[in-house]
Amino acid sequence: MNIITRYKFLFLFLSILIALPFLIQLPKVKTVDNVDYFTLENDPDLLFYENFKQIFANDEFFVIAIKKDPLFTRENLELLKQITNDIEEINGVREVKSLANVNDTIGEEDFFMVRPFLEDIPEEADDLNKLKQSALDNPLYSKNLISTDGKTAAIVVFVYEKPEESGFRKKLLKDCDAVLEKYEDRTGKIYKAGWTTTNLYLSQYMKQDIATFIPITYIFITLAIFLFFRNIYLTGVAVLNISICMGSTMGLFPIFGITLNNVTSIVPPLVMALALCDIVHIFSHLDRQVLAESGTMENAIANTLKKVFLPCFLTTLTTAIGFISLYLSEIPPIKDFAVVASCGMIFEFFFSFVFMPPVLLLFDKNKIFTRIEGKGTQHNLLKKISGFVFENHKIICLGGLVLVITSLWLATMIKVETNLLDYFKKTDKVRQSINFIETNLAGIGTLDISLASKTQDGFKEPENIRIIEAIQNYSNSLEGVDKVISFVDFIKDMNQSFHNEDPEEFKIPDSRALVSQYLLLYDSDDIDDFVNESFDHARISLRLSHHSTGDQEKLIQSIRQFIDNLETKELEIRITGRALQDVNTIDSLVKGQVYSLVTAACIIIAIMFFVLRSMSLGFISILPNLFPIILNFGIMGALDVPLNTATALISAVAIGIAVDDTIHFLSQVKSNLMEQGDIKVAIAGAILTKGKAIILSSLILCIGFGVMVFSRFVPTMNFGALSSVIMITAVIGDILILPSAALYLAGLRIKFSTSNVILTQSLKGTKGDKVE
C-alpha cells in the first residue's frame, strides 16, 4: 500500500484513466419502454407460443371502456362509431373491435347473411332497446364488447408486435390519447387497461424510479457520512468516490448491451451504498493516534489500508459471489443484474484503494485526521453494548433461537406468485382502470388453448368441433375465467340464424356438409382469429380476471387434467398464452432462487472457513448471516409479501452483503486473540474497534435500499423495505448474536475442559487406591 501513497499522482492518474472509458459510455445508457424481457431463455412453451402467434396473429390488446347510462342512444352509438373509426387509423393498430364495427349474423329459414351490427342506428326508443337486447343476448358481444347491464361499451384494440421499436407502445398510446381527448367532453371518464398499457406504465415507472433513487441516495448518504464523521472533507471525498464507482458501473450497461429495466434499476443505489461501506471502514481508522504513530500522512493512510485491505477484499468477494450467483437464473434481466452488480463490486474495491487514497493526500493532514480514538458518544454507546452482551449473552442466544424458529414457521406461509394488480398501488390509475374494466367487462389476462388436427379441414368435422365445445364449456365454469370465445360460437350462431333465429338451434350441427355450407355463406374474417384457412388448427381464447400466478397455475392444471381425460383422437391439444408464460417464469424464479442461495451460501461459508482458519470461528460466522435471511422470510410470511421477480433477489443479495460485517468483526476478533489470548477481551475489543463502522455501513445500506420505497413499482418497494430490514437485523446478528454465541460456546468449552480435568484427576485417584 506504500506504493500507492508514495506515487499518489501516478495512481490518481491511472485510476481516472481506467474509469474514463466507462464514464464516456454514460450518455449511451438506454432505458426501455416495455417489460417484455421477463421471459425464459430457450423455453419450449415460449417457442410454441411464438409460433402460435404466427398463425393467429399477436394476441396483445388493450380495452377502452366508456360508461354511459343510457348507452343505447343514437348520439352515444354515433360517438362509439367515431372513436372506433379514428382509433382504426392509428399507426400500429392491427385491429379494433367494438359494437360499432363488429359483424352480426341475421338469418331466416335455410338462409343467413352477415352485416355490421350497427349498420343502421335507429332513432326510436323501442328499436334502440331491441338493439340493446340483441347485443346482450349475443355471447360474442356480452362481457366482451358490452357489460351485462348494458351501460358500458368496450373498444378492444389489438396491436402489432414490434419488439425492434422500443418506443412503439408509447407512441401508439399517445396517439390513442390524442383521439380520446377530442371526445372527452362527450365521453366522460375513460378507462384503459390491458397488457399494452400495463407494459408501458411499468417501464415508465422504472424511469421515474431512476430519477428518484439517485438524487435521494446522494442526499441521504452525504448526510449520514457527515453526521458520523463530522468532517466536510471526508464527506466530499466519499461522495466523489461513490460517484466514480457508480458512473463506471453504469458505463458497463451499453458495453454489455444491457438496458435499465425494473430489475437493473436497483443497481445504482445499491452500488452507491456498497461503495461507501469500504470507505466507512477506511475512514473509521483515520484518527490522530494513527497519524502520530505513523509519523507522516502518507504512512498513516498506507497503514490504514494495510489494516483493512484483507477484510475489505473478502467482503467485496463475498458480495460479488452473492450477486453473480443470480446468474443461474433463466430470466435475462436477473442475469443482467448479476453481471453488472458483481462488476460494480470490483469497481468499488478498486477505486476505494487506488483512487481515494491519493485524493485524501491532496488535503492537509489536519483536515483529514480530526478524530480522536476512544472518545465521544458513539464510543460510550459501544461500551454499553459490549457490557450488555457480556451480561446477557445467554438470553440473547435464546431470544435469537426463538426468533429463528418463529420465522421458519412463518416462512411456510409465503406465497410464490406474481400478481399483476399488486405491481401497482391501490390508488394508481392503472390499477383503478383494471378494476373498473374487470368489474364491468371481462378480465384482461389471457390464456389460449391450441388444437391442431392431423388432417386438413379437420375442424369442419362436428365431432372435433364438439371437443372444442367441451373444453370451452369446462373452462367457462372455472373461477377466474370471465370469457371464453372459440370457433364454436360462430358455428352455433350460424346454425341458429340458418334456422330463423330459433334459440333451440344455438348448437353444433350434426352434418359436416352443413358446417361447410355455413362457412361458404359466412362472409366475414372474424373467424380468422379462431381457426386457420385450412381448418386444421383452432384456438380457444380465455379472458382471465385472476392475476395471481398461483391461481393461474391451478386453473391451467385443471384444464390440462380435463383435456387429458377427453377422447381427443387425432387432435393435438396444448395450453399456451401469456398466463402460461407468467406461471413458467415464476416457477423458474423459485428454482433460481434456491440454486443461487445454496450456491452463494456454500461458496461464502467455504471462504469463511478458509480465511478464518478456525472451525469454531467458521461455524460461529454462519449464525449471524442466516439470522437476517431467515428473519426476512418470516416477515414475508407474516406480512403476506409474495416471492416474486423483485423479492426473489433478496436472499442471494443479502447473504453476500450481510457476511461483510461478519468478516470485519471476526477478523478483528482473531487478531485480538492472537495478541491477547482471551476470548472475552478479544470480543470486547472487536465491538469497540469495529462496532462503529459496522453500524454506519449497515445504516448506509439501509439508506441505499430504503430509497426504493419511493418507487411506484410495488415489488421494488418491497425489495427495498425488506432489504433494509435485513441490514438492520444483520447488525443485530453481528453486534449482539455473534459475540453472544461466541461467549456461550467459549463457556461450554471451558466447562467441558474443566470437567475433563476433574474426570482425569478422579480416574487417577481411583487407580491409585486400587494399587494400594
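In this predicted model, four strands form an open sheet whose order is β2-β5-β1-β6, and their pairing is antiparallel. The edges of the sheet are taken by β2 (93–97) and β6 (190–194); each has a single partner strand, so one side of each is left without a neighbour in the sheet. On average, and with direction ignored, neighbouring strands here are turned by 20° against each other. Strands of a sheet pair through backbone hydrogen bonds, in either a parallel or an antiparallel manner.

One of these pairings can be followed in detail. Strand β1, residues 61–67, runs antiparallel to β6 and is joined to β6 by 5 bridges. Within this part of the sheet, Ile66 stands opposite Ile190 of β6. Two helices pack on the sheet. Helix α8, which covers residues 195–229, touches β1, β5 (152–159) and β6, and its direction makes about 85° with that of β6. Helix α16, residues 429–440, likewise packs on the sheet with contacts to β1, β5 and β6; the angle between its direction and that of β6 is about 90°.

Attention may now turn to a pair of helices. The axes of helix α10 (residues 267–283) and helix α24 (residues 679–706) come within 8 Å and cross at roughly 170°. Angles over 145 degrees count as roughly antiparallel, and α10 is therefore roughly antiparallel to α24. On the α10 side, the residues in contact include Pro269, Leu270, Ala273, Leu274 and Val280. Those they meet in α24 include Lys690, Ala693, Ile694, Ile700, Leu701 and Phe705. The residues of this contact divide into 13 nonpolar, 3 polar and 1 charged.

Several residues of α17 are buried, among them Pro462, Asn464, Ile465, Glu469, Gln472 and Ser475.

These elements belong to a chain whose secondary structure comes to 25 helices and 10 strands. Its C-alpha atoms fill a box of roughly 120 × 80 × 45 Å, taken along the principal axes. Of the 772 residues in the chain, 57% are buried. Finally, among contacts between residues at least 6 apart in sequence, 80% join residues at least 24 apart. The contact of α10 (residues 267–283) with α24 (residues 679–706) brings together two such separated parts of the sequence.

How values were computed
Residues are numbered from 1 along each chain as its sequence is written. This is a predicted model: local features need pLDDT of at least 70, side-chain atom pairs count only at pLDDT 80 or more; totals for chains, interfaces and linings use all residues. Side-chain values use heavy atoms; hydrogens and water are left out. Axes are lines fitted to C-alpha atoms, for helices over the stretch in contact, and angles run from 0 to 180 degrees between N-to-C directions. Angles under 35 degrees count as roughly parallel, over 145 as roughly antiparallel, 65 to 115 as roughly perpendicular and the rest as oblique. Contact means heavy atoms within 4.5 Å. Ala, Val, Leu, Ile, Met, Phe, Trp, Tyr, Cys and Pro count as nonpolar, Asp, Glu, Lys and Arg as charged, and the others, Gly among them, as polar. Buried means under 20% relative accessible area, exposed over 50%, partly exposed in between (1.4 Å probe, protein chains only). Two strands pair if DSSP finds at least two bridges between them.
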